[in-house]
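Dear colleague,

I am passing on the structure below, and I would be glad if you could look it over before reading my notes.

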Amino acid sequence: MVAEEFCVWYDVVRQSWRPGSQDGADSRWPRIGELVGRSATNGTVCDGYGSRQFGERAGRVPCAQCPGDPYKRDTWSVLQCSSTPLVPISQRISPAWRPLSVLGSAPRGVLLVVSDHNNHGLFAQVERVLNQLHLAAERGLTPHVFLGHKVFNAPDACDVGENQYYERGRGTNVWDYYFEPVSEYTTGAATLGGRPVRLFSASVEDARRYAIRTAGDAVTSYFEFKRYSEELHAIRTRVRAFGAKLVGTWLRVKPALRTEAAELLQRWRSSLPPGGRLLGVHARGTDKAAHPKFPLERFFAPIDGFLAAHPGSRILLATDDARYHAALQKRYPGAILSRGAGYATRNVVRDPALSRHAKGADAVMDALLLAHSDFLLKGTSALSEFSLWLSPRLAAAHLDLQIEGEAAASPAYTSRVPVWAGGEAVVPLPSPAVALAELDRLRAPSPPAGVSPPPSLPTGEAEAPHGGRGGRRRGGGG
C-alpha cells in the first residue's frame with residue numbers, strides 16, 4: 001500500500017557555517033538554509049509554469065518576475081510533497097534562528113539532497129545529486145536524497161514545478177524508484193543514531209562550485225565540443241574520474257534493475273561468435289537541447305569501421321528516439337541489440353502520455369547496458385556520461401561524436417580516435433574474462449553506500465554545522 005502524499009510549505013531559514021558569516025561572505029561555501037515548518041500557504045512564489053497563487057481564492061496570475069536571490073533574505077519558502085512531513089512536527093518552529101539548545105545537545109546535521117529544476121532528465125538530476133553528496137561528505141553532514149513530486153527550487157529560478165519522473169502510486173521519492181538510499185536516515189525522522197536532527201539544504205549551484213573549490217572539479221556531463229586540446233582532454237579525464245569516485249561511493253542501482261541488465265547482457269554476449277564484441281551506441285534525440293542534436297549519419301562511419309575490424313560484433317543500441325532506432329535497424333539489419341525501440345515523441349522528459357516511472361527505468365537500464373559495452377559511441381548526454389562513471393574503463397574506450405569542426409581535426413582528438421574510426425589510436429578492448437567479471441559484479445549484492453559521518457555536529461555557539469573533515473577553508477567568498 002502506497003502512503004498518502006502530503007504537500008506542505010516549508011520555510012528555509014538562512015544559516016551560516018560559523019557565527020558572524022550570515023552575510024554569505026564565509027569563504028568556506030556554500031550558502032545553506034535550514035528547513036522549518038510554516039503555518040500557512042505561501043502564495044507569492046512562482047511555480048515552474050509562469051504563474052503564482054495570489055491569495056486563497058484569487059486564482060492563478062502570471063509572474064511578472066522572479067523574486068530574486070533567496071540568500072539575500074533571512075527566510076524563503078519551498079513547497080514539498082512527501083509521505084510524511086520532511087520536518088517533524090516537534091521541530092516545526094519558524095522562522096526564528098534556533099540555538100542548539102532547542103534540539104538538545106549534539107544534533108545531527110542532515111543535508112537534504114534535491115533536484116532543482118522541473119525540466120531535468122533523470123541523469124541530469126543524478127549529476128546534481130553527486131555534487132551535493134560530495135558537499136555532505138566534506139562538511140560532515142549525513143546526506144538524504146529526496147527527489148520529490150515538487151522540485152526543490154530557490155525562488156530566484158521561478159521553477160517550483162513537478163519532477164518529471166514522479167508517478168502517483170509509486171512513492172513520493174523518485175530516487176527510491178531506481179536507487180538505494182545513501183544513508184540510514186529516513187524521510188521525516190526526528191532523530192538519527194539517538195540524536196536530534198537538523199535538516200539543511202544547500203544551493204545546488206553552490207554545491208557544484210564547492211566541488212570545484214575543494215576537489216578541483218565538479219561532476220558535469222557537458223564539455224566544450226568546438227575546441228579540443230590536451231588541457232581540455234585532461235579536464236574531461238579528471239571530471240570523469242571524480243564522477244566515477246562518487247558513483248562508486250554512493251550510488252547503488254536497485255537489484256531488480258541490475259538483475260535484468262545482467263540477464264540481457266549474458267544472453268547477448270552468449271550469442272556472439274568468437275571475437276565478437278558489443279559496440280555501445282547512445283543516440284540521444286527527442287528533446288536534446290543543451291548541446292545541439294547532430295545528424296544520425298555521424299554514427300555510420302565509426303560503426304562501419306568497428307564492425308569491419310571486429311567481425312561478428314553487434315550494436316548495443318540505446319536511444320530515446322524511435323526514428324533513430326528505426327533508421328539504425330534499417331541500416332544494420334540483424335546487428336542491433338536493444339531493450340527498447342525509443343519513443344515516438346518530441347520531448348521524452350515532458351510528454352504527459354509517457355509513464356514517468358517507466359521512462360526512468362528505461363533510462364537506468366540503458367545506462368547499465370551501455371556501461372557494459374566494449375566500446376561506446378556517444379554524444380553529449382548525462383545518461384551516457386553516467387555509463388562512463390559506472391564503468392571507468394570506458395573513459396579511454398569511447399568516442400564523443402558531439403565534437404566537431406576544428407575540434408574534431410585537432411591532434412589532441414585524432415590521436416585518441418581508434419584506427420578503425422579513421423584516427424591514430426590503437427584502443428585495447430576488454431578481454432572476455434573482464435566482461436564476465438563485470439557481469440558477476442553486476443549480479444552481486446551491492447556494498448553499503450557512503451561513509452560514516454562524524455557522530456554529531458559541534459556543540460557551542462554555532463548556528464549551523466561547522467566544517468566537516470577538519471573544516472578546511474578555501475579562499476574567496478560566496
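**Pockets, a disulfide and model confidence**

The lining of the second largest pocket comprises 13 nonpolar, four polar and four charged residues, where Ala, Val, Leu, Ile, Met, Phe, Trp, Tyr, Cys and Pro count as nonpolar, Asp, Glu, Lys and Arg as charged, and the others, Gly among them, as polar. Please bear in mind that this is a predicted model, in which local features need pLDDT of at least 70 and side-chain atom pairs count only at pLDDT 80 or more, while totals for chains, interfaces and linings use all residues. Residues are numbered from 1 along each chain as its sequence is written, and side-chain values use heavy atoms, with hydrogens and water left out.

A pocket here is an open set of points on a 1 Å grid over the protein atoms alone, where a 1.4 Å probe fits and protein lies on both sides within 12 Å along at least five of seven lines; its lining residues have an atom within 4 Å of a point. The second largest pocket holds about 520 Å³ of space, a volume being the space filled by probe spheres set on the points, which are joined across faces, edges and corners. Of its 21 lining residues, L251, R258, L390, R441 and L442 lie nearest the centre. Helix 4 (230-250), helix 8, helix 9 and helix 12 (432-443) each supply at least two residues of that lining; helices (H or I, at least four residues) and strands (E, at least two) are DSSP runs, numbered from the N terminus.

The largest pocket holds about 750 Å³ and is lined by 38 residues, with G121, R284, D287, V348 and V349 nearest its centre. Its lining divides into 16 nonpolar, 13 polar and nine charged residues.

There is one disulfide, meaning a pair of cysteine sulfur atoms within 2.5 Å, and it joins C7 and C81, whose sulfur atoms are 2.0 Å apart. Because C7 lies in strand 1 (residues 6-14) and C81 in strand 5 (residues 75-82), the pair ties together parts that are 74 residues apart in sequence. C7 is partly exposed, at 46% relative accessible area, whereas C81 is buried, at 1% (buried is under 20%, exposed over 50%, partly exposed in between, with a 1.4 Å probe and protein chains only).

As for confidence, the mean pLDDT (the predictor's confidence in each residue, from 0 to 100) is 82, and 78% of the residues reach 70 or more.

With best regards
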